[in-house]
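Hi,

Here is the structure I promised to pass on.

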Amino acid sequence: MVTPPEEALRIALASILLKDGSDDEGVVDGIDGDIVSYLAGMLHESGLEDINDSIGPFLEGYGCDVALIEACGTAVMRCAKNGNRGESLNASKNGSNIGSDNGSYEAQSGAMKLKQGIVSLSSVLTDQSEAEIDANRYMWGQENKIAAMTNQTRDAHDSTVSSKDKRKSRKELEAARREYEEKMAIFQAEEDGGAGKASVSNMIIPDYRSGRNEKDIHVRNVSLSLDNGTPLLTDGELKFSHRRRYGLARSDVPRLILDDVSPHSIVFPTVGKNGVGKTTLLKAIAAFEVENMPRHHRILHVRQEIQAAGGDISVLQAVIDADVERNTLIEEEKKLLKRLEGDGIKTDDEVSMKAKLDKLKALSANDADATFNADIKRLDEVYERLQILGADAAESRAGMILTGLQFTPSMQNGPTSALSGGWRMRVALAAALFIEPDLLMLDEPTNHLDLEAVLWLESYMQSYRHTLIVVSHDRSFLNEVCTDTIEFKNKTLTYYKGDYDTYVRTSEENVKNLMRVYQAYMDKRAHMMEFIDKFRASANRAKLVQSRIKAVEKMDLEAPEPVVVEQLWRFSIPNPEPLGRPIISIDDVWFDYTVVDEVSGFKKPKEEWILQQVNFGVDLDSRIGILGPNGAGKSTLLNLIMDRLKPIKGSISRNGNLRIGHFTQHSADKFNLHLSAVENMLNLFSGSEDQIMRSFLGKFQIQGTDALKPMMMLSGGQKSRVAFASLAYQKPHVIIMDEPTNHLDMESIDALVDAVKDFRGGLMVVSHDQHFITHTCKELWVVGGGKVNRFRGDFNDYKKETLQRTAKRVADSVKSLSTINN
């Protein structure tokens with residue numbers, strides 16, 4: 001009988017000798033993980049001829065009874081009989097993967113696991129012989145054993161790790177998994193706790209009695225840490241000037257042209273860029289958790305992902321009710337008026353605040369007690385604050401903001417519970433704009449907006465009357481909105497004047513200057529060391545050599561730091577083989593989801609259908625940007641092209657050999673987060689080999705343990721790279737992208753732009769990211785009013801036209817609300 005691998009034996013013995021859920025606590029005192037590993041090594045070396053004689057005396061010495069020893073023997077024999085796979089109930093609990101030349105992962109819950117058995121090299125019939133195919137696979141590193149050897153080289157450090165350290169690593173992984181699941185459960189509980197409530201904001205009412213009413217914010221010696229003690233910001237400085245708009249950038253290091261600098265002056269760090277703590281910093285500021293933060297400011301933070309509550313009140317009313325301070329003041333006004341009316345004074349509800357106050361002040365001129373005068377004074381303060389907040393024009397202002405964010409009048413008057421998650425996020429954004437806090441902090445505000453809404457928001461924020469901080473990966477949005485840029489890097493905050501592009505240029509120049517200084521130091525040092533090495537043994541120059549040595553030592557003490565530049569990550573999409581025309585042809589297509597009304601039974605008029613008589617085509621050289629507001633039919637058009645929907649009239653023809661790749665903002669959500677990246681890819685592409693897949697993922701910097709651990713443990717950027725890998729593995733002829741840049745960082749967006757530029761196939765894009773559209777698309781098609789027409793002009797022309805159209809809609813909305821109120 002062939003002896004199973006040592007790891008398989010360890011797992012089999014651990015299932016008997018160790019308690020469930022523990023790698024260190026045995027069922028018998030004295031037995032732990034190290035003892036189990038020792039026994040597994042003993043069996044692996046001595047063989048399985050007589051298991052009880054091999055390990056029996058050893059176990060008896062620890063007090064194990066005969067039944068326990070026989071159970072160990074049975075588990076080991078079962079492990080051997082099952083093809084050296086170490087069949088053990090504990091394998092899945094401990095997250096252990098049995099690795100050997102003969103081993104394999106079992107299929108669990110229908111999910112495909114890694115297979116490492118003997119690989120058949122047979123393939124589909126081609127013009128090449130099997131020997132030629134085998135030689136080509138070997139030459140290009142595609143043969144399974146060659147790929148396995150490459151992967152083993154990447155993971156070479158794992159072979160030097162002891163069994164105890166491996167067990168420790170597995171325990172840390174399980175602890176991290178549990179921590180992740182607990183955090184997600186807490187987050188979900190918080191969101192569920194707000195279900196059914198109309199509130200879409202969470203602003204702490206300021207204390208206006210504190211401070212000196214200064215409008216700028218300046219806080220020194222700010223330190224910030226995570227709950228586990230990890231420092232994010234050390235002795236930082238918050239400097240926010242009134243009416244300035246700040247872009248909070250992550251530690252992107254710009255591309256550099258290093259033609260005049262030696263590469264030896266560059267150090268590439270191994271630390272990832274995500275998770276520097278931007279959102280944590282904003283949350284701490286909004287909650288006044290930053291020490292010495294002025295408390296007389298209205299501060300509001302709008303998260304990038306929030307499950308905005310949906311209630312029965314209208315969207316318009318939900319936005320108006322979001323201003324906590326306004327609501328509190330209105331309630332106080334009612335109480336004060338009720339108390340004053342109790343003294344026999346009546347006020348008309350229809351008159352303005354000023355008229356009410358004037359009437360009450362006239363009455364207070366008569367003999368009145370101190371309480372009455374105190375109430376009059378407080379009511380004056382309440383009215384003054386309500387006037388500052390614009391309480392009289394609240395409804396028209398809320399309607400204007402909602403219209404700008406593309407809410408139709410029927411949506412504004414409808415309940416928030418009828419909205420999807422993306423539209424509820426717009427309600428939260430509208431509420432923040434309506435509140436108009438002294439410090440507004442927006443975290444990825446464009447993620448749930450269409451292009452029309454993004455363009456309006458850009459225009460609106462350019463005239464924001466207070467201080468603004470924006471975290472965004474939309475480069476064009478930052479350039480249009482921001483007057484300053486804050487770089488959050490190396491636990492410090494650095495402030496730059498100008499928009500994002502200005503920040504990039506300034507950073508480039510700073511880095512180049514630092515490189516030149518460092519290079520000058522290295523050149524001077526090398527020149528002096530050359531002299532020292534040449535004349536070190538010369539007695540005539542001994543004094544001069546010693547002088548140079550001291551000079552070098554002094555230079556080293558004052559030496560500039562090596563320049564740290566983060567390495568750019570890029571990937572490529574394989575170019576497809578040529579196809580004959582037509583690739584995709586759309587001829588006189590009509591479509592609607594409800595042609596016949598289910599209630600009335602009447603047919604919907606054709607002029608109200610979503611798509612009406614659509615005609616256009618897609619070739620391998622097409623670069624098409626699909627524009628139009630939400631609900632116009634952009635995604636419907638893409639689904640028709642991908643054959644997920646059938647046209648009611650007309651036809652869509654596709655080349656029989658066409659492969660279409662589809663990438664969306666939710667591409668990373670299609671993965672099972674409890675499986676690894678390799679397992680997910682094998683599930684998507686069932687005919688692939690595990691070692692080839694690991695090598696392919698390595699091109700996307702998903703390698704080593706990252707490729708094998710559950711995807712829930714990967715960062716958002718890493719999940720996006722797995723999604724990129726799944727797109728590239730399809731080798732598509734045409735790529736269809738629906739909001740591809742949502743949830744991507746700038747580095748990933750730049751990598752995707754470069755990959756699409758180099759791709760020699762067709763492209764169709766629906767996106768609100770202006771930078772992505774202008775850098776990838778050659779022609780623009782506009783969907784709206786049932787029509788799909790090519791736009792005659794560039795993106796700037798479309799932007800100008802859209803802003804004019806939105807401004808007209810906003811003006812009409814305000815006029816309509818004014819008419820209703822009057």
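I say a charge sits over a ring if NZ of Lys or CZ of Arg is within 6 Å of the ring centre and within 35 degrees of the ring normal. Lys-649 does that over the face of Trp-590, at 5.5 Å from the ring centre, and Arg-541 lies over the face of Phe-535 at 4.3 Å.

Before the rest: this is a predicted model, with pLDDT of at least 70 needed for local features and 80 or more for side-chain atom pairs, while totals for chains, interfaces and linings use all residues. Numbering runs from 1 along each chain as its sequence is written, and side-chain values use heavy atoms, without hydrogens and water.

Now the ring pairs (Phe, Tyr and the six-membered ring of Trp, centres within 6.5 Å; planes under 30 degrees apart are stacked, over 60 edge-to-face, the rest tilted). There are 18 aromatic pairs in the structure. One of them, Phe-571 with Phe-724, is stacked, at 4.8 Å centre to centre and 15° between the planes. That pair links distant parts of the chain, 153 residues apart: Phe-571 is in the loop between β10 (563-564) and β11 (584-591), Phe-724 in helix α25 (residues 716-729). Helices (H or I, at least four residues) and strands (E, at least two) are DSSP runs, numbered from the N terminus. Both Phe-571 and Phe-724 are buried (under 20% relative accessible area; exposed is over 50%, partly exposed in between, 1.4 Å probe, protein chains only).

Phe-696 and Tyr-729 have centres 4.9 Å apart and planes at 80°, so they are edge-to-face. Phe-696 counts as buried at 14% relative accessibility, Tyr-729 as partly exposed at 22%.

Cheers
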